[in-house]
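Reader: I'd like to go through this structure with you. Can we keep it quick?

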Amino acid sequence: EVQLVESGGGMVQPGGSLRLSCAASGFKFSSYEMNWVRQAPGKGPEWVSTISGTGGSTYYSDSVKGRFTISRDNAKNTLYLEVNSLKPEDTGLYYCVRDPTGWHVYDYWGQGTQVTVSS
């Protein structure tokens with residue numbers, strides 16, 4: 001059974017940082033592109049970042065480029081997202097998402113971890 005379990009969210013002040021983690025199980029983790037997708041209150045899902053199976057290629061939305069860093073440890077079957085210089089508009093539920101196609105067609109989502117940026 002495929003499982004994606006996020007952790008590391010919390011409440012921080014603007015300018016703060018967090019490290020989000022996603023523990024994956026039930027599939028060959030290194031064979032899949034992985035993504036972070038977030039959803040703000042009252043809005044639809046927003047793609048944040050993608051990392052290739054080897055970790056050698058990474059992509060970011062314009063809204064987070066330069067502030068967020070995606071990485072993975074295939075030996076630990078874990079995906080990470082370092083989020084820095086946080087802004088109130090970064091508030092939302094952050095999901096770890098598997099992409100079997102490489103075309104942003106997601107087949108498995110975690111339960112999400114909440115990030116709240118507020119003074």
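Reader: What kind of model is it, and what are the ground rules?

Author: This is a predicted model; local features need pLDDT of at least 70, side-chain atom pairs count only at pLDDT 80 or more, and totals for chains, interfaces and linings use all residues. Residues are numbered from 1 along each chain as its sequence is written, and side-chain values use heavy atoms, with hydrogens and water left out.

Reader: Disulfides first. How many in the whole structure?

Author: The search finds 1 disulfide. The term means a pair of cysteine sulfur atoms within 2.5 Å. Cys 22 and Cys 96 form it, with 2.1 Å between their sulfur atoms.

Reader: Which parts does the pair tie together?

Author: Cys 22 is in strand β3 (residues 18-25) and Cys 96 is in strand β9 (residues 92-99), so parts 74 residues apart in sequence are tied together. Strands here are DSSP runs of E, at least two residues long, numbered from the N terminus.

Reader: Left-handed or right-handed?

Author: Left-handed, because the S-S torsion of Cys 22 and Cys 96 is about -70°.

Reader: Are those cysteines buried or exposed?

Author: Cys 22 is buried, at 0% relative accessibility. Cys 96 is buried as well, with a relative accessible area of 0%. Buried means under 20% relative accessible area, exposed over 50%, and partly exposed in between (1.4 Å probe, protein chains only).

Reader: Salt bridges next. How many?

Author: The whole structure has 6 salt bridges. One needs a side-chain nitrogen of Lys or Arg within 4 Å of a carboxyl oxygen of Asp or Glu.

Reader: What does Asp 90 pair with?

Author: Asp 90 forms a salt bridge with Arg 38, the closest N and O atoms being 2.8 Å apart. That pair links distant parts of the chain, since Asp 90 sits in the loop between β8 and β9 and Arg 38 in strand β4, 52 residues apart. Asp 90 also forms a salt bridge with Arg 67, at 2.7 Å between the closest N and O atoms. This one links distant parts too: Arg 67 lies in the loop between β6 and β7, 23 residues from Asp 90.

Reader: Which residues make up the network?

Author: Salt bridges with shared partners join Arg 38, Glu 46, Arg 67 and Asp 90 into one network. Glu 46 meets Arg 38 at 2.8 Å, N to O.

Reader: Which of them are buried, and which partly exposed?

Author: Asp 90 is buried at 0% relative accessible area. Arg 38 is buried at 5%, and Arg 67 is buried at 10%. Glu 46 is partly exposed at 32%.

Reader: Back to Arg 38 and Glu 46. Where do they stand in the strands?

Author: Arg 38 stands opposite Glu 46 in β5. Strand β4 (residues 33-39) and strand β5 (residues 45-51) pair antiparallel over 6 bridges. To pair, two strands need at least two DSSP bridges between them. Their hairpin has 5 residues between the strands, and Gly 42 there has a positive phi near 75°.

Reader: And what joins β5 to β6?

Author: 3 bridges join β5 to strand β6 (residues 58-60), and the two run antiparallel. Ser 49 stands opposite Tyr 60 in β6. The hairpin has 6 residues between β5 and β6, and Gly 55 in the turn has a positive phi of about 85°.

Reader: Which residues have a positive phi without being glycine?

Author: Asn 77 has a positive phi of about 50°, and so does Ser 85, also at about 50°. Most residues other than glycine have a negative phi. Asn 77 lies in the loop between β7 and β8 (78-83) and is partly exposed, at 27%. Ser 85 is in the loop between β8 and β9 and is partly exposed, at 41%.

Reader: What does its side chain reach instead?

Author: A polar atom of the Arg 72 side chain lies 2.9 Å from the backbone oxygen of Tyr 32. The Arg 72 side chain also reaches the backbone oxygen of Gly 53 at 3.4 Å.

Note on methods: Polar contact = N/O pair within 3.5 Å; in protein donor to acceptor, adjacent residues only side chain to side chain. Helix = DSSP H or I, 4+ residues; strand = E, 2+ residues; numbered from the N terminus.
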